[in-house]
Amino acid sequence: MMRIALIAHVRHPIAPPFAGGMEAHSWHLARHLAARGHQVTMFASGDSAPHAPPGVTVHPIMETHYDATYPWHRFHGTDVLTDHLDAAHARACADLIAGDFDIIHNNSLHRYLPRLAVAHGLPMVTSLHVPPFEVLRRAIHDATAPWSRVTATSALQLTRWWPDGAPEAASVLPNGIDPADWPFVPEGDGSAVWFGRITPTKGTHLAAEAARLAGVPLTIFGTVEHRDYFQDRVVPHLGGDIRYGGHLAGPDLAVQVGRASALLFTPLWDEPFGLAAIEAMATGLPVACIDMGAVREVVGPAGTYAPPDDAPALAQALTRALTLSRGAARDRVERLFTIDRMGQRAEALYDAARAARPAPPTGRRFAPHELPPLHPAASHASLVA
């Protein structure tokens with residue numbers, strides 16, 4: 001049994017119905033580790049606490065998820081949001097040092113955590129769920145060590161973070177789901193489904209265009225993250241056989257997804273993995289994909305592919321996807337992308353990080369301007385390293 005601190009992203013609460021894949025990943029991993037007998041403390045926004053999995057304690061990084069106060073689309077890159085996040089994560093760093101955890105699993109996007117691991121010799125696994133951005137890239141490259149290990153969700157994404165070759169302490173840890181949460185359905189109703197965060201990088205409008213061109217009914221599910229995009233690019237396609245079904249919790253969503261005959265998966269960014277794809281595949285859905293990022297690596301022969309921003313090609317891919325085997329889609333998930341497989345790999349990484357923990361002193365330490373401040377009153381200038 002290990003005392004595990006699991007650090008979640010704080011843009012949204014870690015609560016079903018999940019805002020996106022990062023929230024779902026942290027919640028399900030915490031649930032799995034607690035069920036395995038570990039003592040799990042999830043560092044997350046305080047409004048996650050009522051929704052914590054059984055046996056999981058929530059330690060608030062901040063009282064309320066930051067998107068409620070500082071919506072990302074308005075405040076991203078501003079000093080006010082940066083200062084808010086820095087102060088909250090500085091407090092969390094102090095709590096992590098005081099908490100004497102056996103291992104820290106860091107799913108956040110904040111630069112303090114990996115630097116903390118190296119500076120204080122704390123065993124940590126940092127899982128990267130997004131393509132690299134410069135501030136976090138510097139922290140990751142500075143702070144990868146035998147006891148500060150890093151994972152990416154796909155082999156392609158690992159090359160994005162280390163184009164010249166990843167260090168030994170970096171590896172691939174694919175996402176995993178519990179297939180029981182996504183029951184297999186042997187036959188669909190001839191329709192297509194799309195689900196996820198409704199925002200420009202997810203390409204919801206392209207799914208609607210392709211379904212209409214293919215003459216295939218489509219239901220869209222998910223949280224409307226970007227209201228202007230939804231109104232301007234998605235709503236004009238709604239009507240007739242193209243409809244919006246709302247934002248559903250896991251069990252209800254699984255039922256609706258399983259009824260369909262194919263998933264439209266339409267990332268318009270460098271997709272690191274594609275959790276929605278494996279969730280749909282578990283129910284038996286083949287996938288008509290936009291071929292971006294790691295999509296082909298994850299979906300493999302359970303999908304058909306089209307280039308970005310090409311609705312006619314995606315419509316053709318959807319028609320072909322309807323002919324693929326539902327059983328093969330489920331089999332691929334059961335072989336490669338289960339929560340048990342992910343959890344076992346994570347525990348092995350925890351053991352490796354713990355075994356490599358240096359004896360004090362830790363050897364190289366960051367200069368004062370590089371260290372995360374352990375109090376919220378630090379000046380903004382000290383936070384940019």
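## Exercises: the fold and its cavity

The protein chain holds 14 helices and 13 strands. Keep in mind that this is a predicted model.

**Exercise 1.** Work out whether the radius of gyration of the protein chain agrees or disagrees with that of a compact globule.

*Solution.* Start with the chain length, 385 residues. For the outline, take the principal axes: the C-alpha atoms fill a box of roughly 65 × 45 × 40 Å.

**Exercise 2.** Find what share of the residues is buried, and what share of the contacts links residues 24 or more positions apart.

*Solution.* Burial comes first: with buried meaning under 20% relative accessible area, 55% of the 385 residues qualify. Next, take the contacts with a separation of 6 or more; residues 24 or more positions apart account for 69% of them.

**Exercise 3.** Count the cavities of 30 Å³ or more, then describe the lining of the largest cavity.

*Solution.* The count is 1. About 100 Å³ of space lies in the largest cavity. Its lining has 14 residues, with Ala24, His28, Gly176, Ile177 and Leu275 closest to the centre. Sorted by class, that lining splits into 6 nonpolar, 4 polar and 4 charged residues. Now trace the helices: helix 1 (21–35), helix 10 (275–283) and helix 14 (339–355) each supply at least two lining residues. Helix 1 gives the largest share, 4 residues.

Conventions. Residues numbered from 1 in each chain as written. Predicted model: local features only at pLDDT ≥ 70, side-chain atom pairs only at ≥ 80, totals over all residues. Heavy atoms only, no water. 1 Å grid on protein atoms, 1.4 Å probe; cavity = no way out; pocket = protein on both sides within 12 Å on 5 of 7 lines; lining within 4 Å. Points joined across faces, edges and corners; volume = space filled by probe spheres on them. Nonpolar A, V, L, I, M, F, W, Y, C, P; charged D, E, K, R; others polar. Rg over C-alpha atoms; globule rule 2.2 N^0.38 Å. Buried < 20%, exposed > 50% of the residue type's maximum accessible area, 1.4 Å probe, protein only. Contact = heavy atoms within 4.5 Å.
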